[in-house]
Amino acid sequence: MRIYTQSSEETMRARKLLMHWTGDGYLSKEQYQSLEQDTVSDLRTTNIFLRLVLFFFTMIAVAAAVGLFFTMFLSRTSEQTIGIFLLIFAAVSYTAAEFVVTQTRLYRYGIEEALAVCSVAFLCAGLDLFFFSGIPYSPREIQLVIPAVGAIASLWIWYRFNLWYAFPAAMIFAASLPAYWTPSHSAQHVFIAVLYAAGLICIAPIRSRHRFDTLEDAYSLSEAFLWLGIYLVFNLKIYLVFNLKISDFSLLSYWGSPTRFTSGFAGPFYWTTWVLIWCLPPLILARGVRQKDRFILAVGAITAVLTLVTNKPYLGWQRHTWDPMLLGIALTGVALLIRRWLALGPDGVRHGFTAARLSGNDKHAMSIGSSVLGLITPQSITPPPQPTNPDFRFGGGGSGGGGASGDF
Amino acid sequence: MNILARLDLWKEQGAISAEQHTHLESLSRREPFSLSLELNFLLYAGVLAFVAGLGWTISTWSHQLGDVLVLTILSIILTASFWYCFSRAPAWSAAETAAPTPVFDYVLYLGSLVWCVELAYLEDRFHLLSGQWDIYLLATALLFFFLAYRFDNRFVLSLALSSLAGWFGLTISHWPSHQDATYRQYALLYCLVIGIAGAVLQNLKLKPHFFATYLNVAANVLFWAILSGVFESHDDGLWFVGLLIACAASLAWGLKRRQFAFVAYAAVYGYVGVSWMFLRNVSDETFIDGYFVLTAIAMIVMLVQIARRFGRPE
């Protein structure tokens with residue numbers, strides 16, 4: 001069912017590991033040259049930059065080809081006809097993706113990925129135009145066909161081509177399904193969580209069969225997305241994190257009674273979600289620690305921070321300007337405590353974990369990360385202006401970069 | 001055959017020693033599992049959240065807290081951070097040096113960010129330089145360059161580069177509304193300065209590993225500046241010629257040094273600029289679509305050739 005055989009992917013992985021280990025000095029150059037012969041693969045791959053650029057240009061070529069077709073041959077046609085042709089283009093794109101992989105053995109090359117992504121996009125757009133154009137009041141139950149097909153197609157692309165980003169795309173399609181089943185917002189949240197939980201239940205046993213092989217990473221990432229999805233579905237105040245405005249918090253404080261914060265949701269549901277956003281991060285972290293899974297650990301840490309950030313709005317408590325400072329101190333304290341605790345173990349290892357850097361990859365990632373994060377910091381720590389405070393004068397300045405981005 | 005089976009095979013064949021087998025097997029089994037990345041990210045997020053809260057608190061409550069208290073707190077944090085760094089740092093070396101302690105980089109980063117907050121507060125309250133922010137920016141950039149080179153810190157180097165960009169009147173957030181000739185000139189000057197400085201410092205073997213940061217920042221600012229020139233110039237093709245030269249240079253550099261980010265810059269920025277020049281006066285949809293089909297396919301073919309010949313997997 002998968003387009004790449006497991007042995008091909010294992011060979012690619014072994015080749016990559018050989019390069020890393022040689023770079024880290026665990027293998028000599030001679031050993032690398034000798035072992036490299038053992039990891040010759042028929043698959044063709046490239047580096048991340050060329051992969052991204054090839055993806056970009058393939059998307060342009062496909063979109064322009066479809067646009068050209070419609071401009072030349074179907075400029076004055078009904079939307080349903082356009083829909084039919086989009087469905088045909090979906091099939092053509094998918095066939096092209098399969099063809100370039102089977103014939104030219106492309107692997108993470110950008111081209112086959114863009115073709116597969118285009119096929120899902122054309123499929124959804126084509127279905128929408130074919131079934132629903134010119135029908136103003138189509139039944140809601142029928143409309144769910146599009147996200148359902150989008151979810152299934154994305155899942156297929158994820159499985160068939162092993163493209164990690166198709167999985168969150170399927171999750172997003174799936175998240176729009178319950179809106180067609182029920183008008184109740186609470187029920188919609190529960191349905192989405194049930195769908196994601198079902199995904200977790202399906203993935204967990206499959207994943208255990210792929211311990212230490214090449215598919216483990218794919219399942220691990222998907223599981224991490226599912227955990228994150230469940231958390232985000234239950235955190236009803238998550239929008240505050242992505243749209244932080246002091247006025248929102250002031251407004252909340254005026255509402256007074258906690259029941260006012262639950263607007264749109266039943267009280268018991270609201271408070272159940274509050275309990276869940278506290279229960280989920282430790283659960284996810286425990287799973288990550290048990291599996292020694294980097295992605296799940298990261299999701300556990302992210303959800304823990306999100307819970308801390310959204311707890312006050314949840315409870316209707318006044319947020320303070322110094323809350324981020326306390327969060328910063330807490331994060332730093334936790335990092336230092338874990339580091340110290342691990343370092344005090346025999347050889348700096350406790351329960352199979354260490355704070356030491358074991359791979360040159362980590363160093364490389366830190367180098368790139370620190371350069372990029374250093375550049376974006378001046379924008380990210382700029383405090384929001386506070387129009388509610390009449391004494392406000394010192395604001396809007398970007399601290400990092402010498403306040404280059406603000407007017408102080 | 002997964003990697004564990006392969007390691008066993010290589011050991012049996014004598015391709016790797018027993019010690020290597022044990023070590024590589026433990027790495028593959030994630031025994032031990034390194035939390036280095038996660039802990040570093042927690043430290044970074046902690047420092048960032050702390051300074052954001054500090055700036056927010058001061059901006060909101062400065063009048064209630066009073067200048068003395070605010071400046072005292074900021075000065076204590078600043079002094080403590082820099083004292084920690086100068087007291088713990090090993091002797092300076094021109095080569096790449098590891099941080100003496102795991103938290104060293106983040107303490108330095110904290111000190112640098114608090115410096116910015118304190119400087120902004122001082123000027124806002126006391127108008128020491130009568131609002132001449134460019135002087136503050138230049139002084140801050142120089143300080144950060146010094147700290148970056150003294151302590152071998154990329155975080156602070158990036159801060160220095162963004163402060164210097166600010167001094168040149170350049171902030172990324174202002175780009176969409178300020179694409180005028182003045183900004184372009186400053187942007188080009190900025191690229192020239194940091195490009196030359198980076199190259200000279202690399203030739204002098206002064207922290208040569210910083211060169212990639214200089215070059216990436218310079219390349220992106222340069223391409224943005226040239227592209228804005230291409231978009232806004234209606235008559236002369238000077239900017240377009242400049243774009244072609246920059247693309248050729250970026251491509252040559254990327255291929256020669258196997259730094260494929262520069263190949264990507266040349267392909268994407270070049271394609272955008274050339275397409276703009278060809279299509280700016282065209283309204284025929286068929287021509288536009290045909291152009292994109294043909295050129296995108298041509299780019300794909302060219303990039304596949306490059307990938308085959310040069311593009312090693314990473």
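A:R108 has a positive phi of about 50° although it is not a glycine. For background, most residues other than glycine have a negative phi, and most peptide bonds are trans.

Before going on, a word on what we are looking at. This is a predicted model, in which local features need pLDDT of at least 70 and side-chain atom pairs count only at pLDDT 80 or more, while totals for chains, interfaces and linings use all residues. Residues are numbered from 1 along each chain as its sequence is written, and chains are lettered from A and ligands numbered from 1 in the order in which they are written.

Staying with backbone details for a moment, chain B has one to show as well. The peptide bond from B:E31 to B:P32 is cis, with omega near 5°. B:P32 is found in the loop between α2 (18-28) and β1 of chain B.

Now, confidence. The predictor gives the complex an ipTM of 0.89 and a pTM of 0.87. With pLDDT being the predictor's confidence in each residue, from 0 to 100, chain B averages 90, and 94% of its residues score at least 70. For chain A the mean pLDDT is 84, and 84% of the residues reach 70 or more. Within chain A, confidence is highest in helix α8 (residues 166-175), at a mean of 96, and lowest in helix α13 (residues 246-255), at 38. Over residues 244-260 of chain A the pLDDT stays under 50, and the model has 20 contacts beyond four places in sequence for them. Residues 382-408 of chain A are also below 50 in pLDDT, and that stretch has 91 contacts in the model beyond near neighbours in sequence. By contact I mean that the C-beta atoms of two residues, placed from the backbone, lie within 7 Å.

On to the interface. How many residues of chain A are in contact with chain B? There are 95 from chain A, and they meet 97 residues of chain B. Among the elements of chain A that each supply at least two residues to that side are α1 (6-24), α15 (294-315), α16 (323-343) and α17 (360-380). The most comes from α3(A), with 17 residues. By class, the side of chain A that touches chain B has 52 nonpolar, 32 polar and 11 charged residues. The classes are simple: Ala, Val, Leu, Ile, Met, Phe, Trp, Tyr, Cys and Pro are nonpolar, Asp, Glu, Lys and Arg are charged, and the others, Gly among them, are polar.

Last, some helix packing. Axes are lines fitted to C-alpha atoms over the stretch in contact, with angles from 0 to 180 degrees between N-to-C directions. In chain A, α10 (residues 185-208) and α11 (residues 215-234) pack at about 160°, with their axes 9 Å apart. That makes α10(A) roughly antiparallel to α11(A), a term for angles over 145 degrees. Their contact has 12 nonpolar, 5 polar and 3 charged residues.

In chain B, α3 (residues 36-65) and α5 (residues 104-126) pack at about 15°, with axes 10 Å apart. α3(B) and α5(B) are therefore roughly parallel, the term for angles under 35 degrees. Among the residues making the contact are B:Y44 and B:V47 of α3(B) and B:Y109 and B:L113 of α5(B). The contact divides into 13 nonpolar, 1 polar and no charged residues.

Thanks, everyone!

Methods:
Helices (H or I, at least four residues) and strands (E, at least two) are DSSP runs, numbered from the N terminus. Angles under 35 degrees count as roughly parallel, over 145 as roughly antiparallel, 65 to 115 as roughly perpendicular and the rest as oblique.
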